[in-house]
Amino acid sequence: MMKAYTTMLCIVCVALSAAVHGAPVRPPETKRRLIHSFAKPGFADIMVVLIDYPAGPQCVVMATRMDRTKTKRAVAISTRQFNRIWTAFQASGANRYPLDLKTLGTHAEWMDGNSNYFFIVGNQTYVVPKNKVSPTLKSLVTELRGYAK
């Protein structure tokens, strides 16, 4: 159980670091950053990273295959698309499921990707149980995963 906890904590740290394009671990100046992390067959991890920079939003899809090879590609996203996605996430009810790192050691069931959706928004991680997901969030997950195709 502790190994799984350590692995997921490392994934969260790597996600935060990668989201700022290799810069020292420091969030970008905007608080409007949304990361959705998931796995699919053949991949250990896929992250769809959306960041609203002053010059305009960016979307980057980073994937790590099971053989540890990595890819990173930009996906075009307009300010209007970003604002719609941001507003949808804020209205989705996901804010009821923040990950509390203080209780992480006693609640390791959150790491099950078959049962939960994972997001990092700003500096907060959310773990939303799939059996409690709103239609808005389900639609958003489908859209974000579509960027990874």
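Phenylalanine 89 and phenylalanine 119 are both buried, where buried means under 20% relative accessible area, exposed means over 50% and partly exposed lies in between, with a 1.4 Å probe and for protein chains only. The model is predicted, so local features need pLDDT of at least 70 and side-chain atom pairs count only at pLDDT 80 or more, while totals for chains, interfaces and linings use all residues. Residues are numbered from 1 along each chain as its sequence is written, and side-chain values use heavy atoms, with hydrogens and water left out.

The protein chain contains three helices and six strands; helices (H or I, at least four residues) and strands (E, at least two) are DSSP runs, numbered from the N terminus. Along the sequence their pattern is α-β-β-β-β-α-β-β-α. Of the 149 residues of the protein chain, 44% count as buried. Contact means heavy atoms within 4.5 Å, and among contacts between residues at least 6 apart in sequence, 50% join residues at least 24 apart.

The structure holds three aromatic pairs; rings of Phe, Tyr and Trp (its six-membered ring) pair if their centres lie within 6.5 Å, and planes under 30 degrees apart count as stacked, over 60 as edge-to-face and the rest as tilted. Phenylalanine 89 and phenylalanine 119 form a tilted pair, with 5.1 Å from centre to centre and 55° between the planes. Phenylalanine 89 belongs to helix α2 (residues 79–91) and phenylalanine 119 to strand β5, so their pair ties together parts that are 30 residues apart in sequence. Ring pairs link Phe89, Phe119 and Tyr126 into a cluster.

A nonpolar core is a set of buried Ala, Val, Leu, Ile, Met, Phe, Trp, Tyr and Cys residues joined through side-chain atoms within 4.5 Å. The largest such core has 28 residues, of which Val48, Leu50, Phe89, Phe119, Leu144 and Tyr147 touch the most other members. At least two residues of this core come from each of β1 (33–38), β2, β3, α2, β5, β6 and α3 (135–146). A second, separate core has seven residues, among them Met47, Val49, Ile51 and Met62.

Strand β3 (residues 56–65) is largely enclosed by the rest of the structure, because seven of its 10 residues are buried. Two strands pair if DSSP finds at least two bridges between them. Strand β2 (residues 43–53) runs antiparallel to β3, and 10 bridges join the two. Methionine 47 has methionine 62 in β3 as its bridge partner, and a hairpin of two residues joins β2 to β3. With strand β4 (residues 70–75), β3 pairs in the antiparallel sense over six bridges. Here valine 60 stands opposite alanine 74 in β4. The hairpin of β3 and β4 has four residues between the strands, and arginine 68 in this hairpin takes a positive phi near 75°.

Asparagine 123 lies in the loop between β5 (116–121) and β6 (124–129). Asparagine 123 is exposed, with a relative accessible area of 61%. Its side chain is joined to that of arginine 33 by a polar contact of 3.0 Å; a polar contact is a pair of N or O atoms within 3.5 Å, where within protein one must be able to donate a hydrogen and the other to accept it, and residues adjacent in sequence count only if both atoms are side-chain atoms. Asparagine 123 and lysine 31 are 92 residues apart in sequence, yet 7.9 Å apart in space, C-alpha to C-alpha.
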